[in-house]
Amino acid sequence: MKSRTLGSAVVTIYWIGLILACSVWAVPQAASTEDEVKAAFLFNFAKFVDWPMQSFPGSDSPFTICVAGNAFDGALERIVQGETLDRRPLVVRPVPTGTDVRGCQILYIAPSEARRVPDLITAAGNNPVLTVGETGDFIEDGGTIRFVNAGGRIHFQINPDAAERASLKVSSRLLRLAEVVRPRRRAGVAR
Amino acid sequence: MISLRTLSIPKKIVVIAMIISASALLVASGAVLGYDYIVARENLRSNTMTLARIVADNTSAAVAFNDKAAAVDTLNALHAEPSIVLGCIYMGDALFAQHVSGRDVQMCSPRLSSDPSDGDLVWTAAPIEVKGKQIGTVELGATLGPTYGRLRFEIAIIAVILLMSALFALALSARLHKFVSEPILRLARTADEVSRHQDYSIRAAKQGEGELATLANSFNDMLAQIQLRTAALAKANQELQNANKMKDEFLATLSHELRTPLTSIFGWVNLMRQGRLDEEKTAKAVDVIDRNVRAQIQLVDDLLNVSQIITGKLKIHTCWTNAGTIVRAALDSIQPAAAAKNIEIAVNLPDSEERVFADPERIQQVLWNLLTNAVKFSEKGGRVCLEAGRVGTAFRISVSDSGEGIDPEFMPFLFERFTQADASKTRKHGGLGLGLAIVRHIVESHGGTVTAQSKGKGQGATFTIHLPIPANTA
């Protein structure tokens, strides 16, 4: 008799749980903009890629995300605001012109800067710089990660060979989420 | 309910053996099951915890990049582990991805892990961390269902083992109980037989060593004692019956003996009263009356003496006295009776001055009794011989006759009270059968002995008395 009442109590709790679950799902979540998603991805890449120690001048040198061209509409700054990575503060540095990418851990090249892509990648060279871009030939040009917008959903491609050339260790967890691409045509990168 | 008390010993032993084996097995298997359950639960918890950590590690990127499909992919790998029925990934308190298997309607949301052990489910949680920062939580719910299934199987096996061991214990104890029960049952059967047949000569069989052997021996000892007592009681009873019979016979004899002289006296007194008797006949009548009165006095005296002997009041007053005087006094008193039967009494008394330390009246009574018997049992014209003299430290008196002697069968009862060789009513000789009993009592009161010898019926008899003479005799 006791177990029966206990059982019915459990069933009741299940129903309450289901109703609660539905109500939680019913709450409309604030839709993220594409800029915000990409900015968050950039920050996440930093977490799943390991940079060699010598890529930082000092132990408390900041982690620098360089952005070539206009992008994110300030979303990236908002995300990294106050964040640290391995006790390093995060810094966003614009690269409006030129190819000075020294001190960059991540180099994002906005679609608007499509013409500068080969030069910037060449500038990054074999230095430990994670190049992220969106242009169609970004991987073929020697870039490491390329954002792809498929039906409003952002995902990304990774060229592990490029990461390897830059002495970057990409976490397998990240690789699992990514579309791994290895371009047949070697990018025109001086070796 | 059948009580253990009412069962027979073999059944008791069998039941006890089965109870003991079953309870030992139950306790042991209960402990094993309990241990098994605890270990299984703990193993499940630690395995689930490990899995939760692995899942947390593998889904960190998926959570970070908000890739639910990848997270669900990873969670679906939990299919390989059937005990995991629920896998949930939360970002903060919001459900991110879930994996549900089995028929459970249980869902991840809202978070259920507030109670870490919810009935059949074991809940574990592991944080999802990236670079030391928690970005989410993995919670896994593992069911104890397979464990319960295994425990049920084990219980079934234990039930089978219990049944088999019960049967085994039954078979084993059905044979082994004999070591204990058989001797007891044998003893019980022996006791039953003894009480049923009232046969105390039956003995329990000897059996080995130990308490049961002691029991059998004690039982046999008791039987032996009962047998002895029973025999003694039977003997005593027989003696009592004999004594009673003797007393009846004695009463008959006594009334007869008391009546006989009275008849004679009464007859002669009547004749004298009629006054038709001449002088000679009157003198004879007085003689007869006198003799019968004396006989009756003697009878009553004997009775008194016996009564005194029985109550211990017969007193002996010893003094130094002349043996010859006693002998002659006895001879004088028997002379008329002897003369009446024309019996000669030969006396051999070498030293008439011999002195004895005795009660003269009682010794005289003894001699008179012996001489009366000798005269009574001798034929007319027979011969009675009295010899008296010192032999060593004793004074010996013997009285012999040529009479009808003593049947050897009667010899052992010769000196008993109320016994006569011929107790029938048509017997030849009168008397109460007290004389020799009185003789023996008086002689033994003096510290002496009296014996009788006879070569058999018709061969005569000799009675011999030894009276001790104290050392300080002059």
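Cys66(A) touches Arg93(A), Val95(A), Val101(A), Cys104(A), Ile106(A), Leu107(A) and Tyr108(A), leaving aside residues up to four places away in sequence; contact here requires C-beta atoms, placed from the backbone, within 7 Å. The model is predicted, with local features needing pLDDT of at least 70 and side-chain atom pairs counting only at pLDDT 80 or more, while totals for chains, interfaces and linings use all residues. Residues are numbered from 1 along each chain as its sequence is written, and chains are lettered from A and ligands numbered from 1 in the order in which they are written.

Cys66(A) is also among the residues with the most contacts inside the largest nonpolar core, which has 78 residues. Such a core is a set of buried Ala, Val, Leu, Ile, Met, Phe, Trp, Tyr and Cys residues joined through C-beta atoms within 7 Å, and buried means 20 or more other C-beta atoms within 10 Å of the residue's own, against 12 or fewer for exposed and values in between for partly exposed. Helix α2 (residues 34–48) of chain A gives the most to this core, with seven residues. Apart from it lies another core of 41 residues, including Ile363(B) and Val439(B).

Most residues other than glycine have a negative phi.

| Residue | Phi |
|---|---|
| Asn66(B) | near 60° |
| Asn342(B) | near 55° |

Asn66(B), in the loop between α2 (60–64) and α3 (68–76) of chain B, is partly exposed, with 17 other C-beta atoms within 10 Å. Asn342(B), in the loop between α8 (323–340) and β7 (344–348) of chain B, is exposed, with 10 such atoms within 10 Å. Helices (H or I, at least four residues) and strands (E, at least two) are DSSP runs, numbered from the N terminus.

Conventions
Contact = placed C-beta atoms within 7 Å.
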